[in-house]
Structures are given as structure tokens and as C-alpha cells.
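User: I would like to go through this model and ask what stands behind each label.

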Amino acid sequence: MISTGEKTVWYQSQFEMIEKSLNGEASGNLHTLRKVAMDRFNELGFPTTRDEEWRFTNISPLTKISFESPLASRQDGMTWEDIERFAFGTENNLVFINGRFASGLSKSEGIPQGVIAGSLATALKLNPELVHRHLGRSAKFEDNAFVALNTAFIQDGAFISIPDEQSVNDPIYLLFITTAPGPTFVSPRNLILTGRKSRLSIVERYASLAEHQTLTNAVTEIVAGEGAQIEHDKLQDESLSAFHVASLFVTQQRSSTFTSNSVTLGGAIVRNNVSAVLDGEGCECTLNGLSVATGTQLIDNHTLIDHARPHCASHELYKAILDGKAKGVFNGKIFVRKDAQKTDAKQTNKTLLLADDATIDTKPQLEIFADDVKCTHGATVGQLDDEQVFYLRSRGIGEMMARDILTFAFAGDIVERVHVEGLKHQLESLVHRKLDEGRNH
Amino acid sequence: MLEIRNLHAGINGNKILKGVSLKVNAGEVHAIMGPNGSGKSTLAQVLAGRDTYKITVGEVLYQGRNLMEMPPEERAREGVFLAFQYPVEIPGVSNTYFLKAALNAIRKHKGLEELDAVEFLQLVRNRMKLVEMDETLLHRPVNEGFSGGEKKRNEIFHMAVLEPKLAILDETDSGLDIDALRIVADGVNKLCRKDNAIVVVTHYQRLLNYIVPDFVHVLIDGRIAKSGGKDLALDLEEKGYDWIKVEYEKTAELA
């Protein structure tokens with residue numbers, strides 16, 4: 001068995017290989033950041049179940065695999081037809097193949113003038129000051145090995161910048177596809193900056209073209225400007241052999257509204273981190289999540305809402321449907337600082353267990369240092385309600401269908417909260433299909 | 001249509017029904033009355049197929065078939081309908097979606113074509129008038145946030161759409177004010193035909209002023225202690241249940 005210490009050596013060698021290929025570009029701000037992050041990753045190593053933050057999520061399977069970082073874009077003559085099934089009709093598609101922007105597959109017809117929406121690699125060349133002012137500011141890697149690893153391997157990702165009072169009507173769709181045949185790791189890095197009173201819906205979708213062993217280690221940083229209204233939807237439906245770690249960092253300025261809807265269907269081991277700092281008065285933050293896991297999938301959702309200022313509200317609803325021997329983890333931390341009076345925070349976690357061998361570990365963590373606040377949390381774990389099943393059957397609906405209807409209704413509660421219509425419809429059919437697959441196992 | 005023979009049933013080892021026998025023919029309205037805890041709702045639930053109740057002795061024939069061998073959905077497809085005493089809330093499932101799934105399951109079973117969305121909506125609009133139901137309740141999740149009266153009205157609305165042969169109304173009057181009671185009862189009366197039957201389970205006589213029964217049965221301690229015509233309900237309203245209990249125990253002693 002290879003220990004995790006040896007595995008950091010593997011990533012160090014990958015890092016050096018990329019460093020060589022950079023030639024003249026291996027200097028400057030970005031590469032300094034990469035090097036510091038690589039050093040930090042070497043010091044931290046991969047987390048183990050002895051780390052409180054990873055107590056229920058054993059990632060040792062992924063630390064044993066020698067994933068290679070693709071050196072160059074491998075668009076490999078892919079066409080729009082190859083990826084069309086992942087699209088949902090918006091005009092703004094930024095496509096990334098194995099972590100690199102694929103301009104030939106991307107479209108940006110619905111992007112208004114003055115808005116930048118493209119690749120981070122390009123932005124680093126055209127707007128280096130703007131990028132460096134924000135890159136890594138909220139995604140701290142000192143205590144986070146996966147963020148350190150992502151930062152060390154920053155190559156590309158999406159960069160979006162919206163000026164003040166600008167609305168982007170069509171959602172911007174970021175599609176990340178892994179295609180490489182060997183074990184591959186990709187480190188998408190997204191930076192989204194939104195101006196005062198701007199409006200944006202953004203979708204991140206992670207998908208695989210085939211059943212390959214891949215490690216996606218993504219980091220997205222969002223700055224919601226004063227009074228901005230942002231919806232961020234994430235859909236993870238990579239193959240069942242994929243490992244996926246994604247960290248979303250949001251900084252909310254005064255009176256901004258941020259909503260995250262995160263749906264996880266694929267992957268062998270998935271860890272989603274969502275971390276929101278409510279850094280101005282009057283912010284509203286909504287975090288919704290749905291996991292549907294079957295077989296031996298492990299889906300872990302960690303959320304952190306940091307109420308740093310007074311008069312902010314946060315609502316959190318995470319749901320999981322677990323079948324087979326699937327395992328779910330939910331950890332929801334709410335931090336209310338001393339000055340954050342009149343905070344209104346509500347957290348709910350609901351799990352539906354469809355099989356005896358499916359398990360969930362759920363843990364709310366409220367740390368409250370202000371005295372005039374309203375904070376509630378609740379967790380339920382259960383099976384389908386027999387009385388509901390009977391009610392449906394007593395009206396003529398077969399048992400299997402009754403169970404399907406009730407299971408989908410449980411999931412639909414989250415799907416309904418997605419405001420991007422095209423995505424919502426796709427989610428409905430993807431969730432249905434996933435539930436069918438689980439039943440036929 | 002329905003023949004219950006010496007039915008014994010219970011839950012967790014507690015005997016609740018201790019030998020119920022009852023015969024219901026097409027075109028008849030039967031009322032089952034009795035004090036709290038006498039087994040009225042258990043009888044209704046057993047007929048609909050609730051499997052938490054165990055049947056120990058006896059049999060139930062429905063249209064000549066053994067009803068107890070049929071799963072709940074098959075009973076419904078063959079025309080048995082239970083209006084629940086406490087209709088269940090089903091968040092996330094709209095009333096129309098649910099009813100359409102139920103109606104089409106029944107139609108498929110009968111070899112009829114499934115209704116499309118337009119045909120279904122026409123039917124539903126028509127039947128809604130029968131119980132004067134608010135259209136907004138159609139699009140809301142089944143029973144979720146409905147008032148007590150709205151839930152009961154919704155049950156009769158389901159009945160109107162599904163057109164059962166044997167409808168069992170379990171305490172449909174409880175939770176209804178007098179105006180709603182009249183509306184719901186009128187709805188039920190309009191659904192009475194020569195080829196269907198209705199069993200009304202109730203604690204109070206007042207519903208029977210509107211849905212007039214052909215037969216009244218008094219269930220006491222898991223057995224039918226007395227049967228009679230509609231006047232029996234009036235006697236009960238006046239004198240309560242105790243005199244029947246006394247009378248029944250005397251006969252039992254003599255036997």
C-alpha cells in the first residue's frame with residue numbers, strides 16, 4: 001500500500017513536469033502562487049478520516065491512484081454532436097475538455113457587451129491585474145489540501161466579470177468534460193466577479209464521456225457585488241468511476257442575494273464544499289442540495305455559512321436519496337459572529353433511505369457568538385411513509401409507481417428550486433433515470 | 001356486491017373486529033354507526049387493504065371474488081374506494097398529477113384508453129363543480145396545507161373522478177361545518193346510481209339527514225349489534241348507544 005505521503009511525491013513530480021512545459025511562463029505572480037500552494041499541499045498531504053472534516057469520508061481509494069495531469073488540451077477532434085446531450089439550450093456555453101477551455105465548442109451569443117465570459121487562461125493574459133486581485137482571495141489553501149492542490153495546478157477554467165448594474169439574461173453554462181482514457185486529474189479553476197446590482201445565473205456541469213477513472217478537483221470563487229442577485233447551479237453527473245472534489249467559495253457584499261443549488265448524481269466518491277461569507281449587511285444566502293446515490297457511491301456535502309455582518313438571512317435545505325450500499329454525509333456549519341446581530345439562519349437536512357444498507361452521517365454545527373439571533377436546524381432520516389404509499393395504492397396506483405412518485409417528489413422539492421428552466425427539465429429526467437437505475441440494481 | 005362473513009381482524013395482537021357479517025347490494029346505501037373504538041375505521045381500512053391489520057378469521061367477497069387476496073391497488077382498480085378519515089398529505093405531488101395517475105391506472109386495468117391532459121382536465125373541471133371545490137386546490141400538492149374541510153371535500157372529489165362501484169366513506173362528516181356537509185352530501189348523492197353502493201361510516205346521525213341510508217348497522221365492540229332502517233339512526237341520536245349494548249349483551253347471554 002502506498003501511504004499518502006508518497007502520493008504527494010507523485011503530485012510533486014506531475015507539478016515539475018508541468019513546470020518544465022511552461023518554459024518562459026514559469027515565473028510571475030501566478031507561478032509563485034502555484035509554487036506556494038504546491039509546497040503547502042506537500043506539507044498537508046491528503047486528509048484522512050482522522051481529520052475532523054473528513055471523519056466520515058474515506059478518500060484513500062483516490063490517493064492510491066497515479067492520476068496524470070493532461071499537459072495540453074485534448075480536444076481530439078471532438079464536435080458539438082459529441083457533447084450536445086449535456087447542453088440545455090442556452091446561448092452561452094463555455095466548454096472545458098479535460099480542464100482546458102475548448103473555444104471551438106463554446107458559444108457566447110447571449111453575452112452582453114461589457115461582460116467578460118471566457119477562459120481564465122485568456123483572462124490571465126488580458127486582465128492580469130483584475131484576476132490577481134481576486135484569485136485565491138476567498139479560496140484559502142493553508143488548511144485545505146484539495147484547494148492547495150487545485151491552486152498548484154491552476155491552468156484554466158472560467159473567468160466571468162460583470163460590470164455594475166448589468167443583467168445577464170441567459171444563464172451562463174460551464175460544461176466540464178473529462179475524456180482522457182488513462183487515470184487523469186483535472187483542476188478547473190473558476191473566478192466569477194459580479195458588479196453592484198448585477199444579475200447572473202450560472203450553471204456548472206461536470207460530466208464524463210466514458211467510464212474512466214478521473215479525479216476532478218475544482219475550485220470556484222464568486223464575489224457577489226453589492227445588491228447583486230446570483231444563482232449558481234451545479235450538476236455533477238460524472239461516471240461512477242469518477243472521483244470529484246469541488247469547493248465553492250462565495251463572498252457576499254452588502255444586500256446581495258446568492259442561491260446555490262447543487263445536485264449530485266454521479267461519481268464514486270464525491271465531496272462538495274460550499275462556503276459562503278456574508279460580508280455585508282442585508283445579505284440573503286440560500287444553499288440547496290440534492291444527492292441521489294446508488295450502489296457503493298459516497299456523496300459528502302459540507303457547507304459553511306459565515307454570518308459576519310448583522311441583518312443577514314440564510315436558508316439551507318440539503319436532501320439525499322440513498323439506495324443500495326450508498327453512503328451520504330452532510331455537515332452544515334453556521335458561524336454567527338459577535339457583530340452579526342439579527343441573523344436569521346435556518347438549516348434542514350433530510351435523508352430518504354431506500355435500502356437497509358444505505359447510510360447517512362449528518363451533523364449540524366452551529367457556532368453562535370451574537371445574542372440577538374434566530375438559528376434553527378433539523379435533520380430527519382427515514383424511509384418512505386407507509387401511509388402515503390397506502391394512500392396512493394388505495395386510489396389504484398401500483399406499489400412500484402407509488403414509491404417512484406413519492407421518491408421523486410422528495411427530490412423534486414430541490415429540483416423545483418432551480419430557476420434555470422432548461423436545466424430544471426434536464427434534472428427532472430436525469431433524476432428519474434438515476435432512480436430507475438438504482439431500482440434495477 | 002360485497003359480502004363480509006364473520007370477519008375477525010386486529011393489530012399487534014389486539015382483536016378489534018370480532019365477527020362482522022354484512023351484505024351490501026348494488027344500489028344500496030349502508031350506514032355503519034357506533035361509539036368510538038368500536039372498530040368502524042378498522043373495518044373501512046381492512047376493506048381498502050391496509051396491511052397493518054391482520055385478518056384472523058372470516059372472508060370478504062367482492063363481486064364474487066376474495067377481496068382479501070387482492071392488493072390495495074387492485075381493489076381500487078376493481079372499483080373499491082375509501083374516503084379516508086384522515087387524508088394523508090403528500091408534499092411534492094400535485095393533486096392533478098396524482099388523480100391522473102390513479103384514473104389512468106384504473107382505466108388501463110379496464111382496458112380503456114388513458115386520458116390525455118386535455119380530456120383529463122375537462123373531466124376534472126366538471127367533477128370539481130360537484131363538490132364546489134376551489135380550482136387552486138387542483139394544482140397544490142395533495143392535501144398539503146388543506147383545511148380539514150378541504151381535505152374531506154378533496155376525498156369526495158377523488159371519488160367523483162374515479163367513479164367507484166363500492167365507496168366507503170370513513171367519517172367524512174367530521175371536520176365539516178354545516179354548509180360544507182350539505183355540499184359534500186349533495187355531491188355523494190349525485191354519485192349514487194343503481195349499479196354502485198355506498199357504505200357511510202359515521203359517529204353522528206347528522207350526515208344521514210343528507211345521505212339517507214337504506215340500512216343502518218350499529219357496530220359495538222367489533223360486532224354488528226343491531227341492524228335496521230334509517231329510523232335506527234334517529235333512535236341512536238336520541239338515546240345514544242348504551243341501550244343497544246345492554247340489549248345485545250342480553251341476547252348474547254340468552255344464546
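Analyst: What follows sets each label against its rule.

This is a predicted model, in which local features need pLDDT of at least 70 and side-chain atom pairs count only at pLDDT 80 or more, while totals for chains, interfaces and linings use all residues. Residues are numbered from 1 along each chain as its sequence is written, chains are lettered from A and ligands numbered from 1 in the order in which they are written, and side-chain values use heavy atoms, with hydrogens and water left out.

User: Why is the pair R395(A) and E155(B) called a salt bridge?

Analyst: A salt bridge is a side-chain nitrogen of Lys or Arg within 4 Å of a carboxyl oxygen of Asp or Glu. For R395(A) and E155(B) the closest N and O atoms are 2.8 Å apart, so the pair meets the rule. Between chain B and chain A the count is two salt bridges.

User: What makes R271(A) and D300(A) a link between distant parts of the chain?

Analyst: Their side chains meet in a salt bridge at 3.0 Å, N to O. R271(A) lies in strand β14 (residues 269–278) of chain A and D300(A) in strand β16 (residues 298–307) of chain A, 29 residues apart. Strands here are DSSP runs of E with at least two residues, and helices are runs of H or I with at least four, numbered from the N terminus. Over all chains the structure holds 33 salt bridges.

User: How do you know that β3 and β11 of chain B pair?

Analyst: Two strands pair if DSSP finds at least two bridges between them. Strand β3 (residues 29–33) and strand β11 (residues 215–220) of chain B have four bridges, in the parallel sense, so they qualify. A31(B) stands opposite V216(B) in β11(B).

User: What makes β4 and β5 of chain B a pair?

Analyst: Strand β4 (residues 54–62) and β5 of chain B are joined by two bridges in the antiparallel sense, and the rule asks for at least two. L61(B) has N66(B) as its bridge partner in β5(B).

User: Why are β6 and β12 of chain B said to stand at the edges?

Analyst: Six strands of chain B form an open sheet of mixed pairing, in the order β6-β9-β10-β3-β11-β12. β6 (80–83) and β12 (223–228) each have a single partner strand, so one side of each is left without a neighbour in the sheet. From one strand to the next the twist averages 20°, with axes being lines fitted to C-alpha atoms (for helices over the stretch in contact) and angles running from 0 to 180 degrees between N-to-C directions.

User: How do you know how much area chain B and chain A bury between them?

Analyst: Buried area is the accessible area (1.4 Å probe) that two parts lose on being put together, summed over both. For chain B and chain A this is about 1,900 Å², with 67% of it on carbon and sulfur atoms. R50(B), E73(B) and F98(B) supply 27% of the area that chain B buries against chain A, more than any other three residues.

User: Which residues count towards the contact, and how many come from each chain?

Analyst: Contact means heavy atoms within 4.5 Å. The contact takes 32 residues from chain B and 17 residues from chain A.
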